[in-house]
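Please keep the sequence and the model at hand while reading.

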Amino acid sequence: DSLKRIHVEASAVTEHYYRLDSRRNRMMEHSFALNKANKYMVSDMGSELLYSESTVIGLVQDATTTSGAYPAHLNYMIGCIRADKFYSFELLLYRLCSFNLIIRFSEMPSPVYEYHYGYKPERVRKFAILMMASSTMIWPKVLKICAHYHVNIYDCPSSASQREDKVKELSQEIVNVEKVLKEAELMRRQILEVAGRDLFIIRVNLRKALKVYDLMNRLRLVGGVEVPRYLLAEVYIPSSDVPEVEVILRNASRISGGADNIDSSDEDEMNDMKTMPNTTPYPIEADFQPLEDMSAGAILLKKNRLVNHMPPTYFRLNKFTRGFQNLIDAYGMADYKELNPAPYTIITFPFLFAVMFGDLGHGILLILFSSLMIWKHREIEKYQINATSENEILNILYAGRYIILLMGVFSVYMGLVYNIVMAKGFNLFGSSWSCRYNETTVYDPAFHVTLDSSHPHFYSGHPYPLGMDPVWAVCGQDSITTTNSLKMKMAIVLGISQMMFGLGLAAANCVLMNRKADLILVVIPQMIFMLCLFGYLVFLIFYKWMSYGGHKPAPYNAACAPSVLITFINMMLMKKEDPVENCLDYMYPNERMIEFALVGIAFCTIPILLAGKPIYLMRRRRKMQQERERDFKRMRRQTIAEMRSTMRYTDDDNSETSRQKSVDNEEEHEMSEIWIHSGIHTIETVLGSVSHTASYLRLWALSLAHDQLSDVLWHMVLTKGFANTLPLYYGVPVLMATFFAWAILTVAILVMMEGLSAFLHTLRLHWVEFQSKFFGGAGESFKAFNFPTSNQRS
């Protein structure tokens, strides 16, 4: 009723406004046509006649009249037609009237609106037309054609003075109608604003009612329509919410006028339900009473029978964790009771991003941007509700505001570790390096300036307290070499650590799901394979860092430090290294024997991965088949007498034999699929361990690219402003312009483009390299009954 009332009022006001506007347009057309008719008859220079009536009558001579016999006066007709219909209208009149009719036209200065019932107003171009004829016999035909082309015909007085008076009269009426239109438009706007608010509320209520009725239609009426007993529904409820649901059901029963039908035994049973695992199905049974004694009460009971499908997965989220969970859900929903990667992603995702994006200045920009969105969250949410069009970029950034905040925080931390802020290093604790060269030595062209880490005059031997020493940022090619070595090895250490952590979570999943075969035959061999090869690579990296150094005596100085990569390749190829003079052949005693043993153990895990689980499944299937045959023989001995009395050798035996053969073929086909799947998984494990480890080198590559881009922008843009030697009144504007260009390029390229690139690479590392070790992602999300947030777009 409210919707109908609003529709009637709004339609009446809108129709009245359209009628007034249409009337104004017609008067404007009439006035414009009269003005053009006057200008056609009178020249622009004054009162001199452009065409006299006798001249025009001679032009439109009727073929039926005799020469010299003309009518006493000329007939006029003015109107207005749509521009797109004029040319066909003119051609048709020419075909019918030939030279007995003269048409003149002129386009109106601005388009006008045409209103048609049931359609939106249409903005069209129009022509004012003037038709002149000497005979009144052709006007009926002309009027019929005008009606067919929807031509608006207007009155045209015969004298010029009457036409001028008519134009003045129309001008005054137009002014009066425009005043009324302003008031009508104001009233129309007020009514439509009220109607818009009411329609929004009505639309929200209708959507809620639709969801409620859709849910009620899923209830099953036990007993049928003839003997209705109660309504039954099977639902999933998180175990921690069971007491709250009980209270809501009791209150709903009391509010609806029903009795509290839960007795003490039911309460004891419901107290037992509190120990249920998450999202266990519960049937809600609502008593259904006859109409004359309407009293309903809902009872919540635990469902004891097993279900065939996997229960949905439910995670309790807040504003902080929702963004990280959305990253995981974009890959796949966790199975019921499977470990959720989101809690670990809260730390690992922004940290790996910061390894690629590490810059203290750029991290502060991310913190400021995310803090602004967090501070203005109410205004942003209000804008999202009231916006008529969806802003996808703002929605994505707002949903991940806490992700951006942590990425900024970790970027600040990695900026301290890399000792870099906006492409420049900073010295907080004093460098461990010193320069003992004088000006003569430096400018000597035959002398190569180097910093010898083994000499105490250059390097004190004390490491920098936090991060990298600031000297590495200004020592030329050695800076890139040292930074590359450090970041590459750090990327390998972080990658292998995260993959081993993923295998540990896979083992935890197997324990939680009680999958002992997967734990022993799949996960543990994978862990042994990774530890024997790539875990040993991490050991070599740390052992080299701790054993070799600049101030240590030979053979543990920097010149004798072996290449970790060459050592690992020789280990895989079982090849001995070439000896170096005055250096040890191996990093530690019995190194080659230990490496060969580790390679042998790693390769021994491959047959277990390939054949372990298929053999286990074959043995389990054979054992189950033997148990079924044993049970069948027991039943056969019990009914041997009945079987002998009814035994017939017919085609049924053949059918049984063929059915058994088909079952055997199906089992053989299933086992072949299991072997193929096991082979693919083994190849993927062996090759994936190498490719995944190499994939983590993107941490090194993107960090180096970000550092070099920052350095390029600093030296090619901002340094130009600092180095200008112009006078002060020219130098300051030049410096401001260069700073503005540097700031724009920094935000656009380094923060936005590089940040997006690092974000996508980090997401790939988590989805492929990390989550593939333990996460299935084939579950179904728990979608509770709720009313979604309403906005203007809905």
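In this predicted model, the count of salt bridges comes to 15. Side chains of opposite charge can pair when their charged atoms come close.

| Salt bridge | N to O distance |
|---|---|
| Arg24 and Asp21 | 2.6 Å |
| Glu114 and Lys126 | 3.0 Å |
| Asp518 and Arg515 | 3.8 Å |

**Salt bridges in their surroundings**

Asp518 and Arg515 form a salt bridge in which the closest N and O atoms are 3.8 Å apart; Asp518 counts as buried at 16% relative accessibility, whereas Arg515 is partly exposed, with a relative accessible area of 41%. Elsewhere, salt bridges that share partners join Glu29, Arg82, Asp84, Glu114, Glu122 and Lys126 into one network.

Asp21 is buried, with a relative accessible area of 3%, while Arg24 is partly exposed, at 21%.

Strand E4 (residues 122-124) contains Val124, which counts as buried at 6% relative accessibility. The C-alpha atoms of Val124 and Ala83 are separated by 7.8 Å, although these residues are 41 residues apart along the chain.

**Surface patches**

A patch of positive charge on the surface gathers Lys319, Arg322, Arg378 and Lys382. Helix H8 (319-329) and helix H11 (377-386) are the elements that give two or more residues to this positive patch. Lys382, found in helix H11, is exposed, with a relative accessible area of 57%.

A nonpolar patch on the surface is formed by Val212, Tyr213, Leu215, Met216, Leu219, Phe785 and Phe787, which together have about 630 Å² of accessible area. Of these residues, Met216 is found in helix H5 (residues 160-216) and is partly exposed, with a relative accessible area of 46%.

**Annotated segments**

An unreviewed UniProt entry places a "coiled-coil region" at residues 160-187; in the model this span is 100% helix and 0% strand, and its end C-alpha atoms lie 41 Å apart. The annotation "transmembrane region", likewise from an unreviewed UniProt entry, covers residues 351-375, 396-421, 491-512, 519-542, 594-616 and 728-751. Among these segments, residues 396-421 are 85% helix and 0% strand, with end C-alpha atoms 28 Å apart, and residues 491-512 are 100% helix and 0% strand, with end C-alpha atoms 31 Å apart.

**Backbone details in loops**

Most residues other than glycine have a negative phi. Lys337, however, has a positive phi near 70°, and this residue is placed in the loop between H8 and helix H9 (342-357). Met574 also has a positive phi, near 55°, and is found in the loop between helix H17 (564-573) and helix H18 (591-638); Met574 is partly exposed, with a relative accessible area of 47%.

Technical notes: Residues are numbered from 1 along each chain as its sequence is written. This is a predicted model: local features need pLDDT of at least 70, side-chain atom pairs count only at pLDDT 80 or more; totals for chains, interfaces and linings use all residues. Side-chain values use heavy atoms; hydrogens and water are left out. UniProt positions are given in the numbering used here, feature names are shortened, and annotations may be inferred rather than shown by experiment. Helices (H or I, at least four residues) and strands (E, at least two) are DSSP runs, numbered from the N terminus. Patches are made of residues with over 30% relative accessible area and no salt bridge: like charges are joined within 9 Å, nonpolar side chains (Val, Leu, Ile, Met, Phe, Trp, Tyr) within 5 Å. Accessible areas come from the Shrake-Rupley method with a 1.4 Å probe; for residues, only the protein chains shown count as cover. A salt bridge is a side-chain nitrogen of Lys or Arg within 4 Å of a carboxyl oxygen of Asp or Glu. Lys and Arg count as positive and Asp and Glu as negative; His and the chain ends are not counted. The place of a charge is taken as NZ of Lys, CZ of Arg, CG of Asp or CD of Glu. Buried means under 20% relative accessible area, exposed over 50%, partly exposed in between (1.4 Å probe, protein chains only).
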